[in-house]
Amino acid sequence: MKRIKAVYPGSFDPPTNGHLDLIERGSKIFDELVVAVLRNLEKAPLFSVADRRNMLESMTSGFDNVSVETFDGLTVEYAMTVGASAVLRGIRAISDYEYELQMALMNRKLQPGLETVFMMPAEKYSYISSRLVREVAQLGGNIDSLVPELVAQKLREKMDPALKFANVERKASERKALERKTRSRKTRS
Ligand code: PNS
């Protein structure tokens, strides 16, 4: 039986609950789904490609048929390289349609055998975009219900580097406490 592999390309700066919703939907209809983070040297992203990849990997660790990769150059070429026959993209509202249609038709012109499949995220995520999440976070707004918890934490750390330092310190002191506990248990037994 033919197995269908799809690529879900994007900037994911940062990944949002809308992206996760789409990944979940895509994982149900495709045999394999590769979430592909674009390495775009022209844009100055908030998160490095490595950070975005790590966040997406943690977010998708529960899906057996989803992997996360990075790519540069044309999406269609990347899709061909990994043996994908479809490109997955999300459409949230009519405002997305024009850009997405243009991109899908250009991709079809470049690679006629590759199909673009559009899926809609749940309507509760229809207003969420990475750009707005960045803006809200940068201006101190609450982004907790817009992105997965680990992304919210990373955003908070980005906005306030002191938080990152505090978290590293907290984890180090928790580790030390655990080591002390283990040592004292060993000496007692
Ligand atoms: O999350 P985004 O920023 O909307 O994703 C846009 C993306 C990465 C899908 C698009 O910019 C892209 O495919 N870039 C790779 C270069 C390319 O193939 N350009 C021609 C697209 S028609």
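## Where the ligand sits

The ligand takes up the space of the largest pocket. Here a molecule sits in a pocket if more than half of its atoms lie within 2 Å of the pocket's grid points. The grid has 1 Å spacing over the protein atoms alone, and a pocket is an open set of points where a 1.4 Å probe fits, with protein on both sides within 12 Å along at least five of seven lines, while lining residues have an atom within 4 Å of a point.

A word on the source: this is a predicted model, in which local features need pLDDT of at least 70 and side-chain atom pairs count only at pLDDT 80 or more, while totals for chains, interfaces and linings use all residues. Residues are numbered from 1 along each chain as its sequence is written, and side-chain values use heavy atoms, with hydrogens and water left out.

## The shell around the ligand

Which residues surround the ligand? They are Pro9, Gly10, Ser11, Leu38, Gly73, Leu74, Thr75, Arg89, Tyr99, Met103, Met106 and Asn107, where near means that a heavy atom of the residue lies within 4 Å. By class, the shell holds six nonpolar, five polar and one charged residue; Ala, Val, Leu, Ile, Met, Phe, Trp, Tyr, Cys and Pro count as nonpolar, Asp, Glu, Lys and Arg as charged, and the others, Gly among them, as polar. Helix 4 gives the largest share of this shell, four residues. Strand 1 (5–10) and helix 4 (94–110) each supply at least two residues of the shell.

For Arg89, the distance from a ligand oxygen to a side-chain N or O atom is 3.0 Å. On its own the ligand exposes 540 Å², of which the protein buries 74% (Shrake-Rupley areas, 1.4 Å probe).

The largest pocket holds about 1,100 Å³ of space, a volume filled by probe spheres set on grid points that are joined across faces, edges and corners. Its lining counts 43 residues, and Pro9, Gly10, Ser11, Arg89 and Tyr99 are the closest to its centre. The lining divides into 20 nonpolar, 14 polar and nine charged residues. Helix 4 again provides the largest share, nine residues. Among the elements that each supply at least two lining residues are helix 1 (17–29), strand 4 (86–90) and helix 5 (130–138).

## Backbone and overall fold

Most residues other than glycine have a negative phi, and most peptide bonds are trans.

Overall, the protein has seven helices and five strands, taken as DSSP runs (H or I, at least four residues, for helices; E, at least two, for strands) and numbered from the N terminus. From that end, the elements run β-α-β-α-β-α-β-α-β-α-α-α.

How values were computed
A polar contact is a pair of N or O atoms within 3.5 Å; within protein, one must be able to donate a hydrogen and the other to accept it, and residues adjacent in sequence count only if both atoms are side-chain atoms.
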